[in-house]
Each structure stands twice: as structure tokens, then as C-alpha cells.
Amino acid sequence: MNRPSNPTATLRSGTSGGNDLPSGPAGRPTPPGGDGHGPPTGAPTVTIGSYPDYPSAQRVVDYLADNRFPVERTAIVGTNLTLVETVLGRMTTGRSALVGAGTGAWFGLFIGLLFGIFTAGNWVAVILVGLVIGAIWGAVFGAVAHAMTGGQRDFASASSLRAGQYAVTVEADQADQARQLLGRMHLTPTGATAR
């Protein structure tokens, strides 16, 4: 069998040997079309405005919707994304046990309700027993899980993504209509409504 000496030659479409790619679990792979960055993502879009915060961009799309613009052809695109982890407080073994007890109590309540439905006797007692057992086991698991971290992460936090700027885009064939409508909205360049 004659194989090219350059391994990338087999990946080029239109060359001999380009069909020598082995089959995978999903079938025979095909080389990417167009510019090589994957399938086309739809109609070309145009940015009609950039805004410093999400509510401003949302206000623009709301205004377009109120004026019968086909908003299904718009998008709000966040750029300059930043991951922000907000520290909520110190996590101790006691606090971990308390959080685990709360989670376990909800699970125990759910199991108690399931068993309570099929109980002929005192169904309230079944629900309470499920709630208490769930809280105890949740507290134990919460405390053990925190103790096993060995002090590596002694704080609770919440993560969120924030964008530095929000662009409103529309499909290119609707851009003129959207710009005309936005001209009537009287927006300043920063995206705030002028008074």
C-alpha cells in the first residue's frame, strides 16, 4: 500500500490518499469544509450596538420586540468574559455538617413522603422519621467530606461568568430595519437612554 510520507497530506481534501482516514465509532470521518472551522453557523450577522451591561442590551431587544421586529433573528453576545468567584465565607466542619444536614433533610423528606403515601398507619410519623434520618446522615456525610479535604478548601464560594461588554447582533438582511428602530429609541453611545 502506498502511503504519503507527510501525515498531514491524508487530511487534505482533493488530494490522493485523502480518503485513507480510518473509521471511528461514529463512522468514517470527513474533512471539514469551507475554512476548516466547522459547519457554518447560519446567516451572517451584524452588530447594531454594544452596551456596558446586560440590562441595556436586553432593553434594546425588548424595544425591537415591542416594535414588531423579528427578534428571533437577534442575539445578545457577551464578550471579554471573566470568571468571578465570590467568597461567601469560611467553611468549617460544623458549617459543612449543617449544610449537609439541610440537604439530607430535604432528601429524607422526599423519601418519607414516598413511604408515607403507602403507609396505612401514622403517615406523619413516617415522614418525620425520614426527615430526621436524612438530616443525620447528611450532617455526617457533610462533616466527613469536609474533613477529607484536609484544609485544602476552607471557604464556600459561588462562581459566575461576567462579560465586559454585550453586543446586540442581528442577521445582516435585517440590520437596516433594526438600526432605523434604534434611531428612534434615542440611545447614547454607552447604551443608556437619553433624557
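A residue counts as exposed when its relative accessible area is over 50%. By that cut-off N80, at 57% relative accessibility, is exposed. The structure discussed here is a predicted model. Its protein chain contains four helices and three strands, arranged along the sequence in the pattern β-α-β-α-α-β-α.

**Overall organisation**

- The protein chain has 195 residues, of which 24% count as buried.
- Among contacts in the protein chain with a separation of 6 or more, 74% are between residues 24 or more positions apart.

**The largest nonpolar core**

- In soluble globular proteins, nonpolar side chains tend to be buried together.
- The largest nonpolar core in this model holds 16 residues, and the members touching the most other members are I48, V60, L64, V168 and L182.
- Two or more residues of this core come from each of strand 1 (45-51), helix 1 (54-66), strand 3 (155-171) and helix 4 (175-185).
- Helix 4 supplies five residues, the largest share of the core.
- Leaving aside residues up to four places away in sequence, L64 touches I48, F69, V71, T74, A178, L181 and L182.

**Packing of helix 1 against helix 4**

- The angle between helix 1 and helix 4 is about 110°, and their axes are 10 Å apart.
- Because angles of 65 to 115 degrees count as roughly perpendicular, helix 1 is described as roughly perpendicular to helix 4.
- Helix 1 contributes R59, V60, Y63 and L64 to the contact, while helix 4 contributes A178, L181, L182, R184 and M185.
- By residue class, this contact of helix 1 with helix 4 comprises seven nonpolar, no polar and two charged residues.

**Packing of helix 2 against helix 3**

- Helix 2 (residues 93-117) and helix 3 (residues 123-148) pack at about 150°, and their axes lie 5 Å apart.
- Angles over 145 degrees count as roughly antiparallel, so helix 2 is roughly antiparallel to helix 3.
- The two helices, helix 2 and helix 3, cross in a right-handed sense.
- The contact of helix 2 with helix 3 draws on 13 nonpolar and twelve polar residues, with no charged residues.

**I76 in strand 2**

- I76 belongs to strand 2 (residues 74-90).
- The relative accessibility of I76 is 29%, and I76 therefore counts as partly exposed.
- Apart from residues up to four places away in sequence, I76 touches Y54, A57, Q58, V61, Y166 and A167.
- I76 and T47 are separated by 29 residues in sequence and by 9.5 Å in space, C-alpha to C-alpha.

**Residues with positive phi**

- Most residues other than glycine have a negative phi.
- R68, a residue other than glycine, has a positive phi near 65°.
- R68 is located in the loop between helix 1 and strand 2, and R68 is exposed, with a relative accessible area of 72%.
- N80 is likewise not a glycine, and its phi is positive at about 55°.
- N80 is placed in strand 2, where its 57% relative accessibility makes it exposed.

Notes. Residues numbered from 1 in each chain as written. Predicted model: local features only at pLDDT ≥ 70, side-chain atom pairs only at ≥ 80, totals over all residues. Heavy atoms only, no water. Axes fitted to C-alpha atoms, helices over the stretch in contact; angles between N-to-C directions. Parallel < 35°, antiparallel > 145°, perpendicular 65-115°, else oblique. Left-handed = near helix turned anticlockwise from the far one by under 90°. Nonpolar A, V, L, I, M, F, W, Y, C, P; charged D, E, K, R; others polar. Core = buried A, V, L, I, M, F, W, Y, C linked by side-chain atoms within 4.5 Å. Buried < 20%, exposed > 50% of the residue type's maximum accessible area, 1.4 Å probe, protein only. Contact = heavy atoms within 4.5 Å.
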